[in-house]
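Here are a few exercises to work through with the model open beside you. Try each task before you read its solution.

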Amino acid sequence: MKQRFKRILSVSLLAGLLAACATSEEPPAQAPSGGSPSAGASGTPAVDGPLNVPSLSSLPDSAPRQLAGRYTRAAWADMPGWSNDDLAEFWPLFLRNCRGLMRPTSGSLAAPARATPRAWQPVCAAAADASRAPAAGDGAAVRRFLQTWLQPWRVNGADGQPASNTVTGYYEPLVSASRRRGGDYQWPLYAVPPDLLTVDLGSIYPDLAGKRVRGKLEGSRVVPYDTRSAIEASSGRKPPVIVWVNDPVDNFFLQVQGSGRVQLTDGPDSGTTIRLAYADHNGQPYASIGKWLIDKGELQASQASMQNIRAWARRNPARVQEMLNANPAVVFFREEAIADPSLGPRGAYGIPLAPGRSIAVDARFVPLGSPVFLSTTLPSSSSPLQRLVLAQDTGTAITGAARADFYWGSGEDAGNMAGRMKQRGQMWLLWPKQAGEPSAR
């Protein structure tokens with residue numbers, strides 16, 4: 001998870017190699033913790049602390065956003081596995097999501113569609129009221145609260161029929177890096193270069209709302225920003241380096257995922273772990289290094305795994321930069337401290353992702369901030385994965401009704417689950433009862 005590259009998420013490990021999946025709306029460069037344009041005028045919400053819900057009369061509104069989704073009112077019993085989902089740990093995530101819902105919307109069409117704040121105000125007000133809220137840790141009480149205040153809506157396709165679509169997975173990689181270049185630490189992760197320009201075309205041509213281009217000035221002309229190969233070959237000023245990674249494939253896949261954790265190996269902060277969060281990108285199109293290796297005859301399609309790409313790089317150290325240069329796109333990062341290791345980076349909604357409870361969606365069908373009941377299966381399995389999740393991220397490859405990317409968390413195990421996940425799934429939006437059909441701002 002921006003006006004980001006748009007922060008790339010993997011569709012599956014192989015799909016991530018062959019056709020990267022990027023989260024769409026990126027954070028402004030100055031936004032903290034990955035931010036999001038959907039944060040609007042109020043900025044990025046606090047992660048913890050009291051939930052402060054404004055009165056309905058004081059909560060500003062903006063123009064409605066048209067959704068592409070079609071929705072059918074459903075019963076709770078229509079959602080397979082709803083009664084079996086253990087909601088004991090869900091309540092803090094719901095409150096955190098309400099903090100995001102209660103932000104005023106900016107009205108910018110460049111940002112992903114958000115769940116209508118005024119529709120959610122009564123629900124979040126009840127959640128903030130100790131006399132009406134369930135006790136944290138009481139899964140049955142949480143379920144009763146949700147069933148009292150919310151109404152399920154089945155997500156349909158354009159044909160009006162119940163939508164079924166692909167559910168993939170993504171995660172936050174962990175890499176080893178140094179503040180200084182030397183030894184194995186030769187592969188840079190960059191901060192945003194000072195000469196990068198971002199042009200919001202929608203501010204000039206309304207028909208291009210949401211479209212941005214990146215570039216730089218050459219004299220009085222705006223030209224495309226440098227490709228990866230041009231940046232690496234330049235003898236002049238390069239983007240500032242945050243850290244040097246000890247493995248080129250780890251470096252590449254942290255950029256593919258769009259954020260990651262970095263374990264520092266030397267200097268005064270040796271042994272600490274920081275987060276590199278998406279900040280921007282160079283505006284160049286993504287190209288898969290896995291496909292490049294296949295096209296060059298270096299790997300068969302069946303061999304295009306992260307492990308085999310890593311092994312090829314070890315056998316061909318002199319060609320590693322050539323391989324990386326096949327992808328002209330470069331992601332730029334910002335450094336962040338990790339306050340809570342259990343939480344992931346902030347997604348396009350501006351809220352830290354929760355492992356196993358956050359998904360990326362197509363906000364034209366599921367506005368950000370919506371609770372969603374997802375019915376799918378575990379990676380490479382027919383075993384059910386039926387769970388209440390929160391729509392808190394987006395992705396350029398995450399398009400269409402009921403399309404989702406499931407956030408698995410951080411580290412190797414999460415990466416293994418994300419890499420194997422390419423299932424079919426269905427969705428139900430949970431929406432305030434008093435508000436009618438789902439809507440967006």
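**Exercise 1: An aromatic cluster**

Phe 90 and Phe 94 are both buried, where buried means under 20% relative accessible area, exposed over 50% and partly exposed in between (1.4 Å probe, protein chains only). Before going on, note that this is a predicted model, in which local features need pLDDT of at least 70, side-chain atom pairs count only at pLDDT 80 or more, and totals for chains, interfaces and linings use all residues. Residues are numbered from 1 along each chain as its sequence is written, and side-chain values use heavy atoms, with hydrogens and water left out.

Task: classify the ring pairs that Phe 94 makes with Phe 90 and with Trp 91.

Solution: 

1. Recall the rule: rings of Phe, Tyr and Trp (its six-membered ring) pair if their centres lie within 6.5 Å; planes under 30 degrees apart count as stacked, over 60 as edge-to-face and the rest as tilted.
2. For Phe 90 and Phe 94, the centres are 6.4 Å apart and the planes meet at 40°, so this pair is tilted.
3. For Trp 91 and Phe 94, the centres are 5.3 Å apart with 20° between the planes, a stacked pair.
4. Helices (H or I, at least four residues) and strands (E, at least two) are DSSP runs, numbered from the N terminus.
5. Check burial: Trp 91 has 4% relative accessibility and therefore counts as buried; Phe 94, at 1%, does so too.
6. Widen the view: ring pairs link Phe 90, Trp 91, Phe 94, Phe 145 and Trp 149 into a cluster.

**Exercise 2: Around the barrel**

Task: trace the closed barrel and find the bridge partners of Trp 244 in strand 11.

Solution: 

1. Follow the order of the six strands, 6-11-7-14-13-12; the pairing is mixed. Two strands pair if DSSP finds at least two bridges between them.
2. Take strand 11 and strand 6: they run antiparallel, joined by two bridges, and Ser 178 stands opposite Trp 244.
3. Turn to strand 7, which is antiparallel to strand 11 with four bridges. Here Pro 188 has Trp 244 as its bridge partner.
4. Look at cover: four of the five residues of strand 11 are buried.
5. Move on to strand 13 (residues 273-281) and strand 14 (residues 331-336), an antiparallel pair with six bridges. Asp 280 has Phe 332 in strand 14 as its bridge partner.
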